[in-house]
Amino acid sequence: MPVVELSYTRLQKLVGKTTIKQISDSLPFLGLDIESEDKDLVRIEYSPNRPDYSTDFGIALGLQGLLGIKTGAVKLKIKKSAKYSLSAKPGIEKIRPFVTGIVAKNGKIDDKTIKQLMTMQEDLHFGIGRKRKKSSIGIHDLDKITFPLVYTTANRNHQFIPLNSEKEISISEILTNTEVGKNYGSLLGQSSQVPLILDANQKTVSFPPIINAAITTVTTRTKNLFVEVTGINKEDAEDMLSVIATILQSAGFTLESIKISGAKNSSPKLEEKKMTVNSSLINQTLGLNLSTSKIISSLKKSRLDASSKGTNIICTIPAFRFDIFGPMDLVEEVALGYGIQNLEPSLSPSQTIGNTNPVSLQLKSLDQTMIGLGYLEALNSSLTSKRVLYDMTNRDTSKIISVLNSKSLEHTILRDSILPGLLENLSRNIHESYPQKMFETGTVFSIDNPLSEKFSFSGISAHKDANFTEIKSILQSALKTGFGIKIETKTATNPTFEDGHCATIILNGKSVGVMGKIRSTIIENYKIRVPVMGFEMSLSESILKTKN
């Protein structure tokens with residue numbers, strides 16, 4: 001979880017009409033964890049889905065609502081301006097297609113404000129920016145820039161003076177010789193062209209997502225800012241901009257618009273959105289009996305706007321609150337505004353006594369048996385990638401289950417098999433000694449009006465002498481020792497396994513899985529240097545129903 005360091009005294013000035021003790025007592029009820037305190041300094045851990053809490057300005061907004069000092073949604077006041085424009089040129093869409101931005105004027109910047117802005121920038125890069133891959137920010141001294149700007153491409157011989165340097169060097173040298181270039185240069189791939197933002201005098205303003213130019217460095221003498229956000233997705237770039245705009249406005253800057261155009265780009269709207277939630281859902285979930293007016297008041301304390309229409313509550317959500325997806329998120333906001341400390345726990349009306357789920361006991365028994373046979377237990381995510389699950393293993397993609405609006409570029413697919421994940425584990429340990437033997441029991445998914453979940457059991461053995469007899473005996477021993485179950489095998493073919501070295505696993509006359517030698521082409525895909533034997537079988541249709 002990200003951590004931000006704040007000054008209680010500075011935070012008190014930003015919140016107003018409160019005491020340091022009230023602030024300290026209220027922080028946990030804002031969903032923030034106090035990691036440590038040292039006199040006036042406090043280190044606060046916040047959730048990555050609230051990047052506005054990466055600065056004291058954002059936390060002050062939340063505290064003002066919770067303490068009733070200022071309630072309701074934070075309104076962005078952006079003055080329309082014809083003075084500032086940025087156009088994206090053809091060719092940029094192949095590298096980093098989207099750009100957006102805003103101007104912030106007449107602010108006061110001290111060393112602490114610069115530190116807060118830089119912390120926010122890096123936290124945004126790491127969080128919703130996915131280490132600058134999805135989106136990245138550049139914050140510049142506006143007065144050092146001549147508009148209009150262009151977002152264009154240049155070759156790697158292009159030269160400029162980068163941030164924290166006094167020497168003009170080429171793009172290639174930046175990527176090769178600087179720490180930031182080494183860390184993020186891979187995001188640009190092998191393209192001979194790279195993205196640049198140039199001003200009207202052809203001066204380099206920014207080399208996204210790597211580094212700004214030194215000429216636009218923000219100092220304590222800076223009064224006006226230009227903020228640009230570039231990325232591979234327009235929505236993500238504008239989400240990031242909405243956070244920055246909100247924080248800068250809270251820091252005392254006045255905002256002005258920039259006209260964005262060219263190559264599928266357009267000016268950001270940063271609009272509020274509407275969402276409806278029924279008051280009965282709120283009361284049933286929280287175990288309360290709140291009136292409509294109390295619900296609205298609680299939402300306003302969470303810095304949202306709300307009005308009623310019958311039993312429905314219509315919420316107005318600021319652009320920077322993109323963490324709110326549906327009605328249950330609004331229920332949580334009501335709970336925060338009402339006060340977590342005001343919720344009274346009560347005993348469940350159920351008279352039953354909790355105990356371990358029998359299925360969990362069976363899975364634990366199987367796990368312990370495999371560990372006793374010399375296998376290491378793996379625990380992979382149920383969300384994986386198309387590359388791992390299908391492309392690398394030659395599996396059929398006709399029944400792929402994709403997650404809508406995933407915030408991850410990699411983990412977008414619900415797994416329907418465990419074996420590919422184990423192969424990925426092997427590929428990440430090719431420099432370790434062999435044999436390497438792993439297994440996993442876990443949930444897999446399949447399409448079934450709409451989805452079904454089943455338990456699956458998979459294992460792999462990788463070493464120079466790995467063979468079919470070994471992996472079959474391991475599976476038979478595990479099932480017989482743990483459950484007294486005997487399986488049979490029958491020759492089969494499967495795109496993941498070598499022909500002539502593959503068999504169907506049969507239990508009570510029914511096919512429940514497959515085992516054999518992983519195809520050499522798949523082994524090469526994963527850069528594994530030794531033979532690999534593996535198996536996978538359904539537990540839902542075999543052991544878990546057979547065990548008495």
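**Overall architecture**

Mentor: The protein has 16 helices and 28 strands. Please bear in mind that this is a predicted model.

Trainee: Into which domains is the protein divided?

Mentor: The C-alpha atoms fill a box of roughly 80 × 70 × 45 Å along the principal axes. Within the protein, the division gives domain 1 (3-66), domain 2 (78-261), domain 3 (273-340) and domain 4 (358-538).

Trainee: How far apart do the C-alpha centres of domain 2 and domain 3 lie?

Mentor: Domain 2 covers 78-261 and domain 3 covers 273-340. The distance between their C-alpha centres is 36 Å.

Trainee: Which strands stand at the edges of the open sheet of 7 strands?

Mentor: The order of this sheet is S20-S23-S24-S28-S27-S26-S25, and its pairing is mixed. A strand at an edge has a single partner strand, so one side of that strand is left without a neighbour in the sheet. The strands at the edges are S20 (376-377) and S25 (488-491).

Trainee: How many bridges join strand S24 to strand S28?

Mentor: S24 (residues 451-462) and S28 (residues 532-538) run antiparallel. Ser-461 stands opposite Met-533 in S28, while Ser-456 stands opposite Ser-538. The number of bridges joining S24 to S28 is 7.

Trainee: Which residue of S28 is the bridge partner of Lys-517?

Mentor: S27 and S28 are joined by 5 bridges and run antiparallel. In S28, the bridge partner of Lys-517 is Met-533.

Trainee: How many residues of S28 are buried?

Mentor: In a regular strand the side chains alternate between the two faces of the sheet. Val-532, Gly-534, Glu-536 and Ser-538 point one way from S28, and Met-533, Phe-535 and Met-537 point the other way. Residues of both groups are buried, and the count for S28 is 7 of 7.

Trainee: At about what angle to S23 does helix H11 run?

Mentor: Helix H11 (residues 358-372) lies across S20, S23 (436-447), S24 and S28. Its direction relative to S23 is about 150°.

**Strand S14**

Trainee: Which residue of S14 is the bridge partner of Ser-135?

Mentor: Strand S7 (residues 135-141) runs antiparallel to S14, and 7 bridges join the two. In S14, the partner of Ser-135 is Gly-231.

Trainee: Which residue in S14 does Val-99 stand opposite?

Mentor: Strand S6 (residues 98-105) and S14 also run antiparallel, with 7 bridges between them. The residue opposite Val-99 in S14 is Thr-230.

Trainee: How are H3 and H7 oriented to each other?

Mentor: Two packed helices are described by the angle between their axes and the distance between the axes. H3 (residues 56-66) and H7 (residues 234-250) pack at an angle of about 80°, with their axes 9 Å apart. The contact is made by Phe-57, Gly-58 and Leu-61 of H3 and Thr-246, Ile-247 and Ser-250 of H7. Angles of 65 to 115 degrees count as roughly perpendicular, and H3 and H7 are therefore roughly perpendicular.

Trainee: How many charged residues are in the contact of H9 with H10?

Mentor: H9 (residues 292-301) and H10 pack at an angle of about 85°, with their axes 7 Å apart. Among the residues of this contact are Lys-294 and Lys-301 of H9 and Glu-333 of H10. The contact has 5 nonpolar and 2 polar residues, and the number of charged residues is 3.

Trainee: Is Glu-333 buried or exposed?

Mentor: Glu-333 has its place in helix H10 (residues 327-338). Leaving aside its neighbours within four places in sequence, Glu-333 is in contact with Ser-298, Leu-299, Ser-302, Leu-304, Arg-321 and Ile-324. Its relative accessible area is 5%, so Glu-333 is buried.

Methods: Residues numbered from 1 in each chain as written. Heavy atoms only, no water. Pairing = 2+ DSSP bridges. Helix = DSSP H or I, 4+ residues; strand = E, 2+ residues; numbered from the N terminus. Contact = heavy atoms within 4.5 Å. Axes fitted to C-alpha atoms, helices over the stretch in contact; angles between N-to-C directions. Parallel < 35°, antiparallel > 145°, perpendicular 65-115°, else oblique. Domains from an automatic or database assignment. Buried < 20%, exposed > 50% of the residue type's maximum accessible area, 1.4 Å probe, protein only. Nonpolar A, V, L, I, M, F, W, Y, C, P; charged D, E, K, R; others polar.
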